[in-house]
Amino acid sequence: MLDRVSRLNAEYARAIDDDRLEDWPGFFTDPCLYSITSADNHRQGMPAGVIYADSTGMLKDRVAALREANVYERQSYRHVVGLPAIVGERDGAVRAETPFLVVRIMRDGTMALFATGRYLDTLVEEAGALRFRERVVVCDSSRIDTLLAIPL
Amino acid sequence: MSTSPERREWPGATLARVPYWVYGDEDNYKAELRRIFEGPVWNYVALESDLARTGDYRTTFVGEMPVVVVRGEAGEIHAFENRCSHRGALIALDDSGSTGKRFQCVYHAWSYDLRGALVGVAFEKGANGKGGMPESFCKADHGPRQLRTATIGGLVFASLSPAAPPIEEYLGEAVRSRLLRVLGRPVQVLGRFVQALPNNWKLYVENVKDTYHASLLHTFFSTFHITRLTQGGGVLVSPDGAHHASSTIDRGDDRVSTAYRDQGIRSESDRYRLTDPSLLDTLKEFGDDIQLQILTVFPNLVVQQVYNALAVRQVLPKGPGAMELHWTYLGFADDTAEMRRRRLRQANLVGPAGYVSMEDGCVGGFVQRGVAAAEDTLSVVNMGGEGAESQDTRATEAAVRGFWKAYRAYMGY
């Protein structure tokens, strides 16, 4: 299982870093939960996220908005994803926790550590593939530089 | 070499021109901290609900001055400079907490009551008959600066100046009633985020007051056929220009408008629809047709109602070319689970990743970088005329001119 989760994480990170955002919703079940929050909010049980999606439709709309509507300077990410810890397994659902670093590269060449944190995932088997039923992105910091456009 | 703020000349009387030096000048920035943030204004500092019990506190800033805001022993709210009167260290180190009846500085254990008065000096009488403070030292003469506080709609404001009028008078009746329209009952915090912006604080405040840019920069609503500048609404500006409330009204009769297409603006397109339109499933909760209301209280508060997504945003200056925007996402304490979920989903519209607000995170930086070599050039703030009066259209910069009207009055320009 550890191996399958690791491979899923690698594919997920490649899809985002290679700007194949259209593939991103396909990593999730429908309905799902994808949210980006902070360690402080998470610890205090506060539910809001800077991104909060509970259907793959919302994930697709996020991608469509980034492609067609939202304005931001050209930028890309480099994810470095650590080894997952399998923290639970019940009724066919696997819970995993995986640390990550994301470097953001701006159009002028500026590279900066944009986010660090952990993915808190619930994974299920769907049509022979492992998918995220939940991926809560808990950033270590509550502070976001300028804006968050591309998903983590 | 920089000139002192007294020697900077404001170029002419019109509110419709603003010099670019105002976004980068060091001395002007320092003067703003004294004359505005530490002057006769009310700074938003906390929510009342952050301070439920005696000793509950939050730390924040008034301009760049660190402050502690705390619930007192009789239920009143105190604010004082977060600076030990001994050697100047921060008294409280956490963002929030609960302290009982005393704060104690970690450096030499001097202690303060909940009003910020110095009440304890470690080894004041010395040790073993030696050392200690001189007899002449009077604790009452030494304490961090204390601020006045005021509350309205569950918001806590602080002022260093005895000249700030009562908060109701400061806001004026029209803005006050628009504030209480949204914040009429106990709130619950759903999350907090900080957005670090690479621009002068005024560029963000102007942006929030600028009703003209909304549907031009933020093309989400128009791309997905949701709302346009041609919808109903308008902008209310307080008589002194300082505060504003803009609104968009759901009339549902302008979907056939061709104004954007006629002007060749990129926001108009027929190709896109939301895959999951339930994002905009909205409940009218304030007894009217106002879909969006953005309200500012000079100098540092934004209260936002975007459909059912509610938030307060606190503007904190961090030098001439940087600021922080502190977002507190809100619901009401009596929200149903369904309403809570609706607010969480609609929060996608706002915040650092918001469909209709992420651009505001970068556009101030575009101006800051764009004017790097233009300090004596003037920006043009002419939409809707030269005045700062309320207007029943959003195709105006009236509230931006209102900001400059108030700014110049406080700064003496």
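Student: Where is B:W404 found?

Tutor: B:W404 is found in helix α10 of chain B. Keep in mind that this is a predicted model.

Student: What makes B:W404 count as buried?

Tutor: Its relative accessibility is 0%. Buried means under 20%, so B:W404 counts as buried.

Student: Which residues does B:W404 touch, leaving out those up to four places away in sequence?

Tutor: They are B:W10, B:L15, B:V18, B:V22, B:Y23, B:K202 and B:E206. To be in contact, heavy atoms have to lie within 4.5 Å. Then there's B:A242, 162 residues apart from B:W404 along the chain, with 8.1 Å between their C-alpha atoms.

Student: Which cluster do ring pairs build around here?

Tutor: Ring pairs link B:W10, B:Y20, B:W21, B:Y23, B:F37, B:W201, B:F298, B:F403, B:W404, B:Y407, B:Y410 and B:Y413. Over all chains, a search of the whole structure finds 37 aromatic pairs.

Student: Why is the pair of B:W10 and B:Y413 called tilted?

Tutor: Look at the distance, then the angle. The ring centres are 5.2 Å apart, and the limit for a pair is 6.5 Å. The planes stand at 35 degrees. Stacked needs under 30 and edge-to-face needs over 60, so this pair is tilted.

Student: What parts does that pair tie together?

Tutor: B:W10 lies in the segment before β1 (17–19) of chain B, and B:Y413 in the segment after α10 (398–411) of chain B, so the pair ties together parts that are 403 residues apart in sequence. B:W10 also counts as buried, at 10% relative accessibility.

Student: What makes B:W327 and B:Y329 an edge-to-face pair?

Tutor: Their ring centres are 6.2 Å apart, with the planes at 75 degrees. The cut-offs are within 6.5 Å for the centres and over 60 degrees for edge-to-face, so that is the name for this pair. Both B:W327 and B:Y329 are buried.

Student: How do you know that A:R62 lies over the face of B:Y355?

Tutor: A:R62 is 4.2 Å from the ring centre of B:Y355. The distance limit is 6 Å, and the charge must also be within 35 degrees of the ring normal. Within chain B, the charged end of B:R185 sits over the ring of B:F332, 3.9 Å from its centre.

Student: How do you know that the span of α3 in chain A is close to the expected one?

Tutor: Helix α3 (residues 56–68) has 13 residues and reaches 18 Å from its first C-alpha to its last. The expected span, at 1.5 Å a residue, is 18 Å.

Student: What makes β2 and β6 edge strands in the sheet of chain B?

Tutor: The open sheet has seven strands in the order β2-β11-β10-β5-β4-β3-β6, with antiparallel pairing. β2 (43–47) and β6 (96–98) of chain B each have a single partner strand, so one side of each is left without a neighbour in the sheet.

Student: How do you know that β2(B) and β11(B) pair?

Tutor: Pairing takes at least two bridges, and four bridges join β2(B) to β11(B). B:L47 stands opposite B:L155 in β11(B). On to β10 (residues 146–152) of chain B: five bridges join it to β11 (residues 155–159) of chain B.

Student: Why is β2(B) called largely enclosed?

Tutor: Five of its five residues are buried, so β2(B) is largely enclosed by the rest of the structure.

Student: What makes A:D91 count as exposed?

Tutor: Its relative accessibility is 76%, and exposed means over 50%. A:D91 sits in the loop between β4 (85–90) and β5 (93–106) of chain A, with a positive phi near 50 degrees. Most residues other than glycine have a negative phi.

Student: Why is B:A109 called partly exposed?

Tutor: B:A109 is at 26% relative accessibility.

Student: What makes the peptide bond from B:F298 to B:P299 cis?

Tutor: Its omega is near 0 degrees. The bond from A:D30 to A:P31 is cis too, with omega near 0 degrees.

Note on methods: Residues numbered from 1 in each chain as written. Chains lettered and ligands numbered in written order. Predicted model: local features only at pLDDT ≥ 70, side-chain atom pairs only at ≥ 80, totals over all residues. Heavy atoms only, no water. Phe/Tyr/Trp six-rings, centres within 6.5 Å; stacked < 30°, edge-to-face > 60°. Helix = DSSP H or I, 4+ residues; strand = E, 2+ residues; numbered from the N terminus. Buried < 20%, exposed > 50% of the residue type's maximum accessible area, 1.4 Å probe, protein only. Expected span 1.5 Å × (residues − 1).
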